Amino acid sequence: MVNIRQAFNRFVEELDFGVFGVGFSTSLLAIAVFFLNPETSAEVMGRVNEFLWTEYTWVYVGTMFLMVVFSLWLMVGPWGKIKLGKPDEKPEFRLLSFFAMMFSAGIAAGIVFWGPAEALEHYQTVPPLIGADPQSSAAAVGAIQYTLFHWGVSYWVPYLIVALPIAYYAFRKDAPMRVSTLIAPFVGVDNLDGLTAKAIDVMAVFATIGGIATTLGFVGSQFLTGLQYNFGISLGDSGTVLVITGLTVAFTVSVALGVKKGIARLSRFNMGVFAVLTVVTFLLGPTNYIMNTGLQSVGNYFAEFLRMTLYTNATGSGEWVGNWTVFYWAWVFSWAPFGGLFVARISRGRTIRQVVATALIGATAATIPWFLTMGGSAIFFEQNGVAPMLEMVSEYGVSVSGFPLFGALPFGGVLSAVFMLLVVTFFITSADSSTLALGMLTTGGKQHPSTVNRVIWGALMGGLASLLIVGGGINALRSSAIITGFPFAIISVVAIAGMALEFQRVNPLFSSGSKSTTTNDTESLEQAVPNDDD
């Protein structure tokens, strides 16, 4: 009883009541409205979603292009030398742990859902830019090409745009670890408690809840579909709510262990299972087809990257771009506050170049083989009648895609079980890292928010994800991401402007006589030696 009272007292003492109160009460209100009127709520969300991608596709597409250009400049330009910490400070985490946590928190929960599914969807409904006949060989190449585009380099840059200024000001100038630190270049570190800063943190709470609820909804629906497909277990609406909420609260053990022992170890486990599943599927699946189609898709991805990045389908209806590219960019924008905060939290002691290269090169390199293998196998099985992939999607929904794919391989039962395990562990990692970010946001930037705080947010997001699945399914999840991601498209532009101002002051580009105040650049990632890891 004493421990419970102490935990509750710590939770109350560290709260930023303004940010927590507004964020929590508004989230509860959203859950109540959706619970009482699920169909109407989903319909309203759909209308807002359609308005945004119809009228403001250029905002999502243009902002992402700006982010990509700026991130590439940070990686190759002189600002990459700037260290996120004191001059003699070494990285807090080993490179492997740093990469695994960044990858698991930033992409993995979504990758297990869309890995086997997205290329199959594009194979059936071909992207307008590809212009191939549905279910043709050209459509197969274009489908994988667009999947790589949505999950490649572009996917990572919103995290960097949020993470880098926060880490810079937090570890070099003792600013609070919260999203509003983005405006420090304009207002100063000592003025981050004003109304503007509070408003940004509240918006970050909303965006995080929307983005994470979308992800947990996708992965949760995949878990439920796996139960139904593999074991014939079909749960009703109340069962869905209980299972998703229960899975979300299951991350409590990881929370209690903290970042180093909890998230870091689970992330390394995830990456190991992820790598094994990719390699085994590649070897047991249609290896030659994966290589031939995959290499051509990779070539097209890089050759047509600029064209795809700026494509809005201006001469058409724009519906495909709205349902896919705008959805993905909005989704990652809504993830940017939490993902950026988390990446900032684990980046202490690294240079900007190291952090950017880990995301743009390391994470993209880890992502491509998964999508080539899963997407290529799914399309090959459908083309050659190995497994009725599209028929199963029509019957169970897009969340089923992975299960007939693994079921068609040798040792299909074992692989399906491993895939289910990966779904659960990535689900827990996403909940864990997102609640850490929400805890930091609602405690004024504390790097170790209380367990009570994080469990409350986890349960809340699990409940919202459940209701989105029950009330509107995939469409409601898409709408949630697009709506909550829009404000952070604008805030990200502010972050880029602030970084340019501050980094130019610290390390001028056009002043030959000034001496840089940056530390020596450790040019390779391998030179980063840890202080501590386990």
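The model is predicted: local features need pLDDT of at least 70, side-chain atom pairs count only at pLDDT 80 or more, and totals for chains, interfaces and linings use all residues. Residues are numbered from 1 along each chain as its sequence is written, and side-chain values use heavy atoms, without hydrogens and water.

- His122 lies in helix H6, residues 118-124.
- His122 counts as buried because its relative accessibility is 0% (buried means under 20%, exposed over 50%, partly exposed in between, with a 1.4 Å probe and protein chains only).
- Beyond residues up to four places away in sequence, His122 touches Pro127, Ala143, Tyr146, Thr147, His150, Trp320 and Trp324 (heavy atoms within 4.5 Å).

**Helix H19**
- Helix H19 covers residues 412-441 and has 30 residues.
- From first C-alpha to last, H19 reaches 43 Å, close to the expected 44 Å (1.5 Å times one less than the number of residues).
- H19 is largely enclosed by the rest of the structure, because 24 of its 30 residues are buried.

**Nonpolar surface patch**
- Phe186, Val187, Val494 and Leu501 form a nonpolar patch with about 320 Å² of accessible area together (residues with over 30% relative accessible area and no salt bridge, nonpolar side chains joined within 5 Å).
- Helix H9 (184-187) and helix H20 (451-506) each give two or more residues to the patch.
- Val187, in helix H9, counts as partly exposed because its relative accessibility is 33%.

Definitions and conventions: Patch = residues over 30% accessible without salt bridge, like charges linked within 9 Å, V, L, I, M, F, W, Y side chains within 5 Å. Areas by Shrake-Rupley, 256 points an atom, 1.4 Å probe, with all protein chains shown as cover. Salt bridge = Lys/Arg side-chain N within 4 Å of Asp/Glu carboxyl O. Helix = DSSP H or I, 4+ residues; strand = E, 2+ residues; numbered from the N terminus.
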